[in-house]
Amino acid sequence: MGEPTQVGPPISSLMRVRRKEEKAPRNSTRTVAPGNPLRGHTRNRVSRRSQGEKVLQAELAELEIARAELARQNDELVANRATLEFERGRYEELFNFAPDGYVVTNLKGQIEDANVAACRLLSREQQSLIGVPFAQFFAPDDRQKLVELPLAKPDPSEKAERVEAVLLSPNGTEPIPCALRVNAISDARGVVIGLRWSVRDITERKRAEERQAKLLELVETVNRAKALPEIYEAAVTAICKCVGTSRASILLYDEDNLMRFKYARGLSPEYRQAVEGHSPWKPDDRDPEAVTIQDAAKIPLDEHLRKALELERIRSLAFIPLMYEGRLLGKFMVYYDAPHHFTAEELRIGHAIAGPVSYAVERKKSALALAEATRPLEEHTRNLERAVAERTAKLRESIEELESFSYSLSHDMRAPLRAITSFSQLLEVRFSNQLGREGKDLLDRVISSAARLDRLIRDVLAYSSVTLAPIERGPLDPEKLIRQIIQEHPAFQQPNAEIEIRTPLLTILGHEASLTQCIYNLLSNAIKFVPNGTKPHIQIWTERFEHYVRLWVEDNGIGIPAEAKDRMFLMFQRFHRSSEYEGTGIGLAIVRKAVERMGGKVGVESEPGRGSRFWLLLPSK
């Protein structure tokens with residue numbers, strides 16, 4: 001606030017006048033002759049003094065107001081400072097104690113700040129990180145990737161990019177896989193002055209992915225292996241990798257119902273001989289459960305078994321039953337050198353690995369039994385034919401029930417639904433004046449809901465037709481099909497939409513009705529899911545991919561969130577409210593099922609706000 005404006009003579013002048021007046025003797029008398037001009041001069045002087053005092057009082061009052069205003073502003077500054085300190089403390093608390101690591105760097109990539117989680121990941125104190133290049137903590141192959149990442153999205157308003165990198169461990173332990181995101185930090189003018197990195201440890205996720213890969217590898221080994229030892233080795237490798245141990249074994253019952261080692265890793269011959277035949281279950285147990293020993297040194301055991309464990313330096317072990325159709329075939333063993341608490345997840349993995357092993361063992365036993373004698377072979381063949389006949393009968397019965405269900409949807413359900421719609425519309429026409437606003441609104445909802453249900457029934461029927469109808473593939477001209485679809489549906493024509501076909505389109509080996517349904521569904525979605533006021537623009541082309549043809553359908557729609565891509569081809573998957581975009585969530589499921597029945601695949605590439613590119617991969621002619 002500016003200085004107060006001075007009104008009248010300066011205060012110092014008034015003070016000098018007052019002092020001069022005070023110097024005059026109070027008791028002195030002065031005789032003035034009548035009509036003397038001195039009398040008028042005295043009156044003027046008194047008047048000026050009175051006026052000066054008034055001006056002084058006004059300025060003093062103004063100064064007091066200014067002082068009060070300054071005090072108020074000072075109180076506001078104090079309050080704002082306290083609020084600022086509180087918010088700063090709150091931010092620092094959130095920053096420092098966030099579960100993910102956060103690192104702030106300058107534009108040169110040097111660390112300026114790091115929270116507690118980041119310091120823990122980097123294995124450094126906070127002060128020792130200041131000024132250190134952030135990229136040096138990562139594997140050499142990932143450093144350039146971190147340098148290039150901020151350049152791709154310099155605008156802080158844009159979505160943060162995500163990248164995976166390997167964090168080096170300074171204390172010699174295993175490297176840490178991390179997921180990183182980066183956002184720009186801008187000053188008040190919008191100028192980027194730094195970068196904020198989030199660092200998340202994804203070790204558990206990577207381990208889960210690795211476990212899944214090992215399980216898939218085991219299943220593939222079981223399917224292609226010709227001998228059991230190859231399956232045993234793959235199973236032991238998988239369990240060791242998944243639960244973090246180096247020792248495991250597989251034992252099976254022999255003809256005398258004794259457990260015998262079939263494969264072992266990390267066990268001495270002496271130990272195997274000492275414990276062979278031991279089992280925590282009886283051979284005829286129908287539902288044996290896994291048995292775990294967290295610390296063998298702390299539980300009562302047979303002296304012979306305890307001595308064998310001590311000599312082999314085994315402190316913890318788990319017994320996982322190998323089951324097939326309710327029968328106990330053997331056991332899967334896992335060993336640890338130190339006490340170990342077996343989690344439910346570890347036991348689940350053990351059972352998952354034991355399943356393919358049990359299946360492979362039983363399959364091999366069946367093959368040997370079939371090869372040894374003709375009679376068991378014939379009996380097994382009769383049993384197999386009986387089982388096939390029963391399953392075929394059940395399958396035929398299921399198909400008949402499904403067809404009956406489809407018929408019910410088509411006739412028994414749609415007929416009353418049409419009656420509901422018709423009577424509702426008749427009621428709206430004849431009695432609209434008596435219904436009132438609320439009644440009309442409720443009636444409109446009934447009609448709208450009936451229409452949605454009718455569309456849903458039609459889509460379910462279409463899905464059933466695609467699933468059950470016989471498929472006879474032949475060479476198809478996709479351009480001819482697409483132009484026929486456009487001609488039959490005005491919604492796909494100008495001025496409603498612009499569809500560009502990049503000719504020529506390659507010939508596809510497929511089923512005409514199924515491919516027509518796929519293209520229609522993709523075009524319908526392309527003109528439906530666009531921002532308000534945007535004219536749909538669709539481009540269609542083909543390209544050769546090995547022995548297949550990839551048909552592309554690209555639109556300028558709203559795009560698809562990344563988290564929705566894995567679910568959008570499933571039944572009844574909707575990602576928008578029906579008030580925004582109508583639909584039943586079955587259209588893309590029909591596309592997937594039809595393409596799979598034609599021997600192909602379907603996929604999508606999309607980003608929110610940037611349209612979508614759907615593709616159909618079908619055999620070429």
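A residue counts as buried when its relative accessible area is under 20%, and because tryptophan 197 has a relative accessible area of 4%, it is buried in this predicted model. Phenylalanine 134 falls under the same cut-off, since its relative accessibility is 2% and it therefore counts as buried.

Phenylalanine 134 belongs to the loop between helix H4 (126-129) and helix H5 (140-152), whereas tryptophan 197 belongs to strand E5 (residues 192-201), so the pair ties together parts that are 63 residues apart in sequence. Phe138 takes part here as well, for ring pairs link Phe134, Phe138 and Trp197 into a cluster.

A further aromatic pair is formed by phenylalanine 569 and phenylalanine 614, which are edge-to-face, with 6.3 Å between the centres and 80 degrees between the planes. Phenylalanine 569 is found in the loop between strand E15 (548-554) and helix H15 (587-597), and phenylalanine 614 in strand E17 (residues 612-619), so this pair ties together parts that are 45 residues apart in sequence. Both phenylalanine 569 and phenylalanine 614 are buried.

Arginine 550 brings a charge over two rings. Its charged end sits over the ring of tryptophan 615, at 4.6 Å from the centre, and arginine 550 also lies over the face of phenylalanine 545, where the distance to the ring centre is 4.9 Å.

Helix H7 covers residues 228-243, 16 residues in number, and reaches 23 Å from its first C-alpha to its last, which is close to the 22 Å expected at 1.5 Å a residue. An α-helix has 3.6 residues a turn, so residues three or four places apart point the same way. Among the buried residues of H7 are Leu228, Ile231, Ala235, Ala238, Ile239 and Cys242. Just after H7 comes glycine 244, which takes a positive phi of about 70 degrees.

Conventions
Residues are numbered from 1 along each chain as its sequence is written. This is a predicted model: local features need pLDDT of at least 70, side-chain atom pairs count only at pLDDT 80 or more; totals for chains, interfaces and linings use all residues. Side-chain values use heavy atoms; hydrogens and water are left out. Helices (H or I, at least four residues) and strands (E, at least two) are DSSP runs, numbered from the N terminus. The expected span of a helix is 1.5 Å times one less than its number of residues. Buried means under 20% relative accessible area, exposed over 50%, partly exposed in between (1.4 Å probe, protein chains only). Rings of Phe, Tyr and Trp (its six-membered ring) pair if their centres lie within 6.5 Å; planes under 30 degrees apart count as stacked, over 60 as edge-to-face and the rest as tilted. A charge sits over a ring if NZ of Lys or CZ of Arg is within 6 Å of the ring centre and within 35 degrees of the ring normal.
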